[in-house]
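Here is a short report on one protein model.

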Amino acid sequence: WNEISTRRRTNWQNLNNMLNGQVHTLKNELPDDVVPLGYVICSQNRDQIKKQLAKERIFCPVHWILPDEIDSNVYPESVALSKNCLTLPIDHRYDYDDMARIAESIQREL
């Protein structure tokens, strides 16, 4: 487990450094006691980014899909997260080169 958590943290930090403020992230710092499942970015072009990454065989899930009945006037933050967030993979099976490939793909879409 130590190796898995270390790799995920390293991948998160590498991707964060590579994107270096070029995208809006859900979090821009990783607390010492956190092992992330993914690197979450927020963009109004989320669906286009997701589509382009899929063409490059990079699978990025959307985790916050809300039903249409959720009123954006009542829950604006929740609706914004649902429509704009995308989770980039930082799985422990990936390495520095994989993070560089993901970062380069994201940068081409900006």
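The sections below take these topics in turn.

## Basis

This is a predicted model: local features need pLDDT of at least 70, side-chain atom pairs count only at pLDDT 80 or more, and totals for chains, interfaces and linings use all residues. Residues are numbered from 1 along each chain as its sequence is written, and side-chain values use heavy atoms, with hydrogens and water left out.

## Helix 1

Helices (H or I, at least four residues) and strands (E, at least two) are DSSP runs, numbered from the N terminus. Helix 1 covers residues 2-19. Its expected span is 1.5 Å times one less than its number of residues. For 18 residues that gives 26 Å, and the end C-alpha atoms are 26 Å apart, which agrees. After the helix comes Asn 20, with a positive phi near 30°.

Several residues of helix 1 are buried (under 20% relative accessible area; exposed is over 50%, partly exposed in between; 1.4 Å probe, protein chains only). Among them are Arg 8, Trp 12, Leu 15, Met 18 and Leu 19. Their cover includes strand 2 (38-42), strand 3 (85-89) and helix 4 (96-109).

## Cysteines

A disulfide is a pair of cysteine sulfur atoms within 2.5 Å. The whole structure has zero disulfides. Cys 60 is in none; the nearest cysteine sulfur belongs to Cys 85, 13 Å away. Cys 60 is buried, at 2% relative accessible area. Cys 85 is buried too, at 1%.

## Salt bridges

A salt bridge is a side-chain nitrogen of Lys or Arg within 4 Å of a carboxyl oxygen of Asp or Glu. By this rule there are four. One joins Arg 46 to Asp 47, at 2.9 Å from N to O. Arg 46 is buried, with 9% relative accessibility.

Glu 56 pairs with Arg 108, with the closest N and O atoms 2.7 Å apart. Glu 56 sits in the loop between helix 2 (46-55) and helix 3 (76-84), and Arg 108 in helix 4, so the pair ties together parts 52 residues apart in sequence. Glu 56 is buried at 18% relative accessibility, whereas Arg 108 is exposed at 53%.

## A charged network

Which residues are linked in a network of salt bridges? They are Arg 8, Asp 91 and Arg 93. Between Arg 93 and Asp 91, the closest N and O atoms are 2.8 Å apart. Arg 93 is exposed, at 66% relative accessibility. Asp 91 is buried, at 13%. Arg 8 is one of the buried residues of helix 1.

Technical notes
Contact = heavy atoms within 4.5 Å.
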